[in-house]
Amino acid sequence: MPLLEVRDLTVSFHTTDGLVQAVRGVSFDIDKGHTLGIVGESGSGKTVCTQALLGLTPGADVSGEALFEGRDLLRMRRSQLRAVRGARIAAIFQDPLSSLHPLYRVGWQIIEMIRAHQRVSRPAARARAIELLSLVGIPQAASRVDDYPHQFSGGMRQRAMIAMALALNPDLIIADEPTTALDATVQAQVIELMGRLQEEFDSALIIITHDMGVIAEMADEVLVMYAGKAVEHTDRRTLFYSPHHPYTVGLLESIPGSAGAGERLRPIVGQPPSLISIPSGCAFHPRCRYVMDRCRTEIPPLATVGRDHRSACFLPSLLQGVAGQVEAERRQTALAHGGAP
Ligand code: SF4
């Protein structure tokens, strides 16, 4: 049984402007020790998807199932969900300052987190906090444990938040754009750290990002989201070597370093749609260079296009022929020298 099974997750919000359909029937599984990357531009619904699992979408209409070890997170009472959140499922967000309280010392916050879920003495929790800070690479952890968040650099705050997330050995970590606010060097260090710790703790990791470079570094499996729907779902290698959905191809083509020498990056034309007025048919059709008549009226199902590979596009095969393979390999080579896979 997978650690987490999400089935037909749908999340919408009523606003004065209309109904925001943030997540529209998304399904995925994740096992212990595995990393699922959820990727898409801003407004694709990827963050709301996982916030709904954590009960962080107050006022939203949420339906579907999210079975965590067989228990439905979406139907738990608040107290039950609170007990699971933190102890069994931990979250790491983009901006550590939004999770670390500026008025409390970093160590105190980790200690309180531990003591809120476990019956341990304060000295034991403090020792664990120091151990965790040291594990995530905070130098002189025994003295820095008493620092306030503003005394840490951005990278150190992110490391502290990872330490806090790991404090209770969670089975599942949800990391939402965990490296977006960091500069490239620190980003690489944090990615390396998260990969190493995940291996050590054997946790499952869901990483939410707009950055295909992060996906290339970390994900075993990838779910690509567009306008609240999953449009492609496969393993990392297939996604980078044999993408099927034109949106995925567009994301790959817009990675810095993916274009060959002398070539220009090809950003995806246009903007993601408002989730209040999603285009008819395939939501990607106004931006798709392969659009056909039926794409404007029919919704393509997420259908099997290869082994463990599903895509929501009417095209029988896009970059999966010989030409596509050559193109994907060229991109892979460029990325290997430029920073991503
Ligand atoms: Fe493009 Fe049509 Fe495929 Fe949508 S279904 S991605 S519009 S080709």
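Two strands are taken to pair if DSSP finds at least two bridges between them. The model is a predicted one, and on that definition of pairing 4 strands form an open sheet, in the order β2-β1-β4-β5, with antiparallel pairing. The edge strands of this sheet are β2 and β5 (71-72), each of which pairs on one side only. Helix α1 (residues 46-53) packs on the sheet and touches β1, β2 and β4 (61-68), while its direction makes about 110° with that of β1.

Within this sheet, β1 (residues 4-15) and β2 (residues 18-30) pair in the antiparallel sense over 10 bridges, and the two strands form a hairpin with 2 residues between them.

A second open sheet is formed by 8 strands in the order β6-β7-β8-β3-β9-β10-β12-β11, and here the pairing is mixed. Its edge strands are β6 (89-92) and β11 (303-306), each pairing on one side only, and the twist averages 20° from one strand to the next. Strands β10 (residues 229-235) and β12 (residues 309-311) run antiparallel and are joined by 2 bridges, with H233 standing opposite R310 in β12.

Which helices accompany this sheet, and at what angles do they run? Helix α7 (residues 154-166) lies across β6 and β7 (172-176), whereas helix α8 (residues 184-201) packs on the sheet, touching β3 (35-39), β6, β7 and β8 (204-209). The helix directions described for both sheets are collected in the following table.

| α1 | 46-53 | β1 | about 110° |

The remaining feature is the ligand, which sits in the largest cavity. Which residues surround the ligand? They are H245, P246, C282, F284, H285, C288, Y290, C295, P300, C313, F314 and L315. By class, this shell has 10 nonpolar residues, 2 polar residues and no charged residues. For that count, Cys, Pro, Phe, Tyr and Leu are among the residue types taken as nonpolar, so the cysteines in the shell, including C282 and C288, fall in the nonpolar class.

Key:
Residues are numbered from 1 along each chain as its sequence is written. This is a predicted model: local features need pLDDT of at least 70, side-chain atom pairs count only at pLDDT 80 or more; totals for chains, interfaces and linings use all residues. Side-chain values use heavy atoms; hydrogens and water are left out. Axes are lines fitted to C-alpha atoms, for helices over the stretch in contact, and angles run from 0 to 180 degrees between N-to-C directions. Contact means heavy atoms within 4.5 Å. A residue is near a molecule or strand if one of its heavy atoms lies within 4 Å of it. On a 1 Å grid over the protein atoms alone, a cavity is a set of points where a 1.4 Å probe fits but cannot get out, and a pocket is an open set with protein on both sides within 12 Å along at least five of seven lines; lining residues have an atom within 4 Å of a point. A molecule sits in a cavity or pocket if more than half of its atoms lie within 2 Å of its grid points.
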